[in-house]
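Here is a short report for a reader new to this structure. Look at the sequence and the model first, then read on.

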Amino acid sequence: MTQPTTARQAHAQFTVPTKHPMVMVLGSGDSLLRVIEKAFPATDIHVRGNEVSATGDPAEVALIQRLFDEMMLVLRTGQPMTEDAVERSISMLRAAENGETGVETPAEVLTQNILSNRGRTIRPKTLNQKRYVDAIDKHTVVFGIGPAGTGKTYLAMAKAVQALQSKQVTRIILTRPAVEAGERLGFLPGTLYEKIDPYLRPLYDALHDMLDPDSIPRLMAAGTIEVAPLAYMRGRTLNDAFIILDEAQNTNPEQMKMFLTRLGFDSKIVITGDITQVDLPGGTKSGLRQVREILEGVDDVHFSMLTSTDVVRHKLVGRIVDAYELYDSRNGK
């Protein structure tokens with residue numbers, strides 16, 4: 001892309017390599033182009049053949065140039081660009097432009113593969129998600145804290161399966177506190193395993209995305225994968241394992257301490273939760289809320305904070321999360 005500039009305006013022209021069909025660059029029905037035009041309303045963007053030109057404010061034109069460069073890097077890996085990926089790429093480039101230090105490039109974030117299974121690749125989709133995944137690689141104990149839909153548990157599960165497949169660990173242990181394992185659960189029919197199962201079902205569902213479903217019963221029967229309520233962890237030392245505690249906001253301080261002290265040799269712990277969705281009985285303090293005050297600054301323990309901007313579900317989910325946060329702040333919660 002060439003970019004001659006004047007005091008007020010710049011003009012840039014970018015040639016898309018012929019190996020990349022324009023539909024991959026602009027999107028079906030020009031959907032990706034519309035995302036870019038919406039993000040840069042004061043810039044004139046035109047497409048002719050495989051040439052894309054932009055005219056407008058020098059800083060905005062330079063940003064568009066970097067955006068197309070990053071898109072080409074992503075497309076070169078064989079990964080398609082999506083509307084969501086373009087929007088997130090623009091946000092990352094703007095963050096870098098605003099002087100945020102250590103901001104990775106969109107291509108670095110969007111092309112980091114964790115796991116591939118049945119033609120589907122699991123990878124981080126946002127900058128905070130990439131930093132969360134990197135923290136799991138670097139630290140023994142990682143807390144992933146953020147609202148629903150930010151990939152906290154899903155990415156941790158993918159890293160656990162990756163660690164198992166690469167023989168970094170010999171087993172995966174997945175656990176959740178069963179907050180209603182008292183009287184209400186007692187009225188449900190079936191064995192204890194069948195009663196607890198609804199609380200662990202999301203973990204099973206994620207496993208089915210990442211492994212051959214036929215192999216999961218065999219791995220569980222062999223003890224290679226264990227899915228159990230948090231209470232089953234008491235009194236154990238967990239060696240050579242990748243351990244995930246999900247929904248950790250529903251642990252009390254004693255349960256959190258109990259779980260953290262299960263850590264054995266050659267193991268890794270990831271703890272996920274949303275401190276805005278505590279389901280504990282009134283007056284019970286959340287162990288997840290407390291633990292950051294206790295462990296902040298402890299070597300080899302890392303806290304990854306995800307926000308509504310990291311929600312990778314329907315866009316409305318992020319807006320719902322923001323609306324609830326605003327409501328809580330107005331009402332002093």
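The side chains of Arg-94 and Glu-60 form a salt bridge, with N and O 3.0 Å apart. Arg-94 belongs to helix α4, and Glu-60 belongs to helix α3 (residues 58–76), so the pair ties together parts that are 34 residues apart in sequence.

This structure is a predicted model. A search of the whole of it finds ten salt bridges. The pair of Arg-94 and Glu-60 is one that meets the rule, since its 3.0 Å falls within the 4 Å cut-off for a side-chain nitrogen and a carboxyl oxygen.

## Two domains

How is the protein divided? Domain 1 covers 10–110, and domain 2 covers 124–328. Their C-alpha centres are 35 Å apart.

The two domains touch. Ten residues of domain 1 are in contact with eleven residues of domain 2.

## The interface by area

The size of an interface is often given as the accessible area lost when the parts come together. Between domain 1 and domain 2, about 830 Å² is buried. Carbon and sulfur atoms give 48% of that area.

Which residues of domain 1 lose the most area to domain 2? They are Arg-88, Glu-104 and Val-109. Together these residues account for 59% of what the domain 1 side buries.

## Bridges and polar contacts across the interface

The count between domain 1 and domain 2 is one salt bridge. Glu-104 and Arg-131 meet in a salt bridge through their side chains, at 3.3 Å from N to O. Glu-104 is also among the residues of domain 1 that lose the most area to domain 2.

Three residue pairs are in polar contact across the interface, with both residues at pLDDT 80 or more. On the side of domain 1 that touches domain 2, the elements giving two or more residues are α4 (83–97) and α5 (106–110). The residues of that side divide into four nonpolar, two polar and four charged.

## Aromatic pairs

The count of aromatic pairs comes to two.

Key:
Residues numbered from 1 in each chain as written. Predicted model: local features only at pLDDT ≥ 70, side-chain atom pairs only at ≥ 80, totals over all residues. Heavy atoms only, no water. Domains from an automatic or database assignment. Contact = heavy atoms within 4.5 Å. Buried area = accessible area lost by both parts, 1.4 Å probe. Polar contact = N/O pair within 3.5 Å; in protein donor to acceptor, adjacent residues only side chain to side chain. Helix = DSSP H or I, 4+ residues; strand = E, 2+ residues; numbered from the N terminus. Nonpolar A, V, L, I, M, F, W, Y, C, P; charged D, E, K, R; others polar. Phe/Tyr/Trp six-rings, centres within 6.5 Å; stacked < 30°, edge-to-face > 60°.
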